[in-house]
Amino acid sequence: RPVDMHPAGFDPGGRRDQRGLMKDLFYWSPFMTCAACNTMAVIDSGAARAFKAVLEGQVHPDAVAAAGPGSRMEFLPKCETCGSTKDWWDGSHNLLTFLGANKRELAERMLKEKLAATKIQSCYRFYLRRRWGRAEIQRTLVMQMLRYRAAALIQGTCRGRLGRRRALTFAGVKIVANSNPSILKLAVKGEKFHKRRCFWYKKNQVPELFRDYLAVAERTGFDPSRLEVEVNLLEIARRIRVKEAYYAALIQKRFRGMQARRFLLVFLREVIRVREIRTAAAFRLQRLFRGWVGRRTYEKLTLAKFNGGILSAHLRSRQLDRDDRAAEDIRSAVLQKYSKERMEERSARLTGLVHPSAAGGKKMRAFHESAYGDDSVTELMKKVTGDVREIMAREARLEEERQERSQYVKDMQDRGRPMEIYFEEEMRQRSIQVIERLTREPVARPATDILRRHNARLARSGKNTAFKFPEGCYVDPQVPLYEGTGLQPPDKKAMADFRRARRKRTEMENAAMLERQRARGER
């Protein structure tokens, strides 16, 4: 900081109106004396005077900077002896007397400062001890609260576990108390495969055990322990439940077997009665069944054509067409060869080149043995015979493969229900083929013809005991099955309408599918 070189009340301007003088009337000493160590320092008085003018606002800092390198601002130097910057005096002085007084004052001041520092340290340390005491008290309270909370949690967990064990054991004791004495005895004794051995109490302790097993365990001095008592009671209760379930299963099995046998007897009687009714209504049922089979067959065949049977049928048809065309071509070739051979034989015979008498009257043999005949027709017939045999062998091989596949599917279906479901579609296709074969082949002797001949034979014999149909022939054969059940048989008319609607819907779907396939083929 700059040093104030002007005495108090001095006017640096030189006049009261502050206009200033042409020259400075004051003097700045170039020396400074340190009051702490009596060391003298030299300063630039001009620079110090310029710095003071700047601080007092009389001169702008830019003006000082513009004055040139010599007009720099002077800063207060540091004492080279004691390093102080606050004890400078202006001018040159001898401060030895002042320094001696200063040492005494310094010693007194240092003593006061030491006492004050000691007091401050003791107060601050006491303050720190109070803060540490408050923190320690807070820590102790927090630890006590944590211990209390942890103890509460541990106690709650332990009491909950003990409560659950007690509730579970009381449930097992209730099962034991409500069980049969013989089952209880078997449960206590156990089986050979039971690894745990159970114990039981005396007769006079059992009622108290059923009321409160903890009181019995306490009276016995917890020997065995509470845990062993609970495990023992739960094991006995578990064995009792297993025994009761086993005996209940035996009772249910006996009762269900009895019910099944009774139902089977009734069912057999009903089967016989229904069989008699169905036998009486056989002809009507045949007509109904054949109609139903025809409708179902039509639906299944129509769907089967679009589900994958069309390709195999198409390939089979193409193969048959190729075989037919090949057979027709071979037949035409054979006829042409045969006609040509006949014409050549006739020409050779009429021109005298061949005579039938040479072969015992057989003209064709004589022509073949001559130099004009050939074996082209014979070779062609051999080829035709070989092709026919090949086709027959292929058909036989295909039929054998179909039979083997059918037998394999039957054997696989005999293994269980999963195999039946797996081969269900294949069996359905085979059923369709069988139904087609049965519907295409005429019946050898229809039942109506048999009855007609039977009645005619009886009429010729004069017995006049023609077969009479029973009165209930045209009654629904399933009606007797609903007698005594309180249920009504299904409405046949509604079922027929439903079947007609379903058949119509199936036909519409098939027609739409054909239309889509036709459109796809055109694209």
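Visitor: Where is Pro224 found?

Guide: In this predicted model, Pro224 is found in the loop between helix H6 (213-219) and H7. The peptide bond that joins Asp223 and Pro224 is cis, with omega at about 10°.

Visitor: Which residue has a positive phi although it is not a glycine?

Guide: That is Phe222, with a phi of about 50°. Phe222 lies in the loop between H6 and H7. Its relative accessibility is 44%, so Phe222 counts as partly exposed.

Visitor: Let us turn to charged pairs. Why can side chains pair at all?

Guide: Side chains can pair when they carry opposite charge and their charged atoms come close. A search of the whole structure finds 10 salt bridges.

Visitor: What are the closest N and O atoms of Glu208 and Arg211 doing, and how many Å apart are they?

Guide: Glu208 forms a salt bridge with Arg211, and the closest N and O atoms are 2.5 Å apart. Both residues lie in helix H5 (residues 206-211), where they are 3 residues apart, about one turn of the helix.

Visitor: Is Glu208 buried or exposed?

Guide: Glu208 counts as buried, because its relative accessibility is 15% and buried means under 20%.

Visitor: Which residue forms a salt bridge with Arg417?

Guide: Glu420 does, the closest N and O atoms being 3.1 Å apart. Glu420 and Arg417 both lie in helix H11, 3 residues apart, about one turn of the helix. Glu420 is partly exposed, with a relative accessible area of 32%, whereas Arg417 is exposed, at 52%. Elsewhere, salt bridges that share partners join Arg165, Arg226 and Glu230 into one network.

Visitor: What else is found in helix H11?

Guide: Met419 is found in helix H11 (residues 417-422). Met419 and Val409 are 10 residues apart in sequence, and their C-alpha atoms are 8.7 Å apart in space.

Visitor: Now the surface. Which residues make a nonpolar surface patch?

Guide: Phe263, Leu264, Phe267 and Leu268 make a patch of about 410 Å². Leu268 lies in helix H7 (residues 226-280). Leu268 is partly exposed, with a relative accessible area of 42%.

Visitor: Which residues line the second largest cavity?

Guide: Its lining is made by Trp292, Arg295, Arg296, Glu299, Arg499, Arg502 and Arg503. The elements that give two or more residues to this lining are helix H8 (282-350) and helix H14 (492-522). The largest share, 4 residues, comes from H8.

Visitor: How many residues of that lining are nonpolar, polar and charged?

Guide: The lining of the second largest cavity has 1 nonpolar residue, no polar residues and 6 charged residues.

How values were computed: Residues are numbered from 1 along each chain as its sequence is written. This is a predicted model: local features need pLDDT of at least 70, side-chain atom pairs count only at pLDDT 80 or more; totals for chains, interfaces and linings use all residues. Side-chain values use heavy atoms; hydrogens and water are left out. On a 1 Å grid over the protein atoms alone, a cavity is a set of points where a 1.4 Å probe fits but cannot get out, and a pocket is an open set with protein on both sides within 12 Å along at least five of seven lines; lining residues have an atom within 4 Å of a point. Ala, Val, Leu, Ile, Met, Phe, Trp, Tyr, Cys and Pro count as nonpolar, Asp, Glu, Lys and Arg as charged, and the others, Gly among them, as polar. Patches are made of residues with over 30% relative accessible area and no salt bridge: like charges are joined within 9 Å, nonpolar side chains (Val, Leu, Ile, Met, Phe, Trp, Tyr) within 5 Å. Accessible areas come from the Shrake-Rupley method with a 1.4 Å probe; for residues, only the protein chains shown count as cover. A salt bridge is a side-chain nitrogen of Lys or Arg within 4 Å of a carboxyl oxygen of Asp or Glu. Buried means under 20% relative accessible area, exposed over 50%, partly exposed in between (1.4 Å probe, protein chains only).
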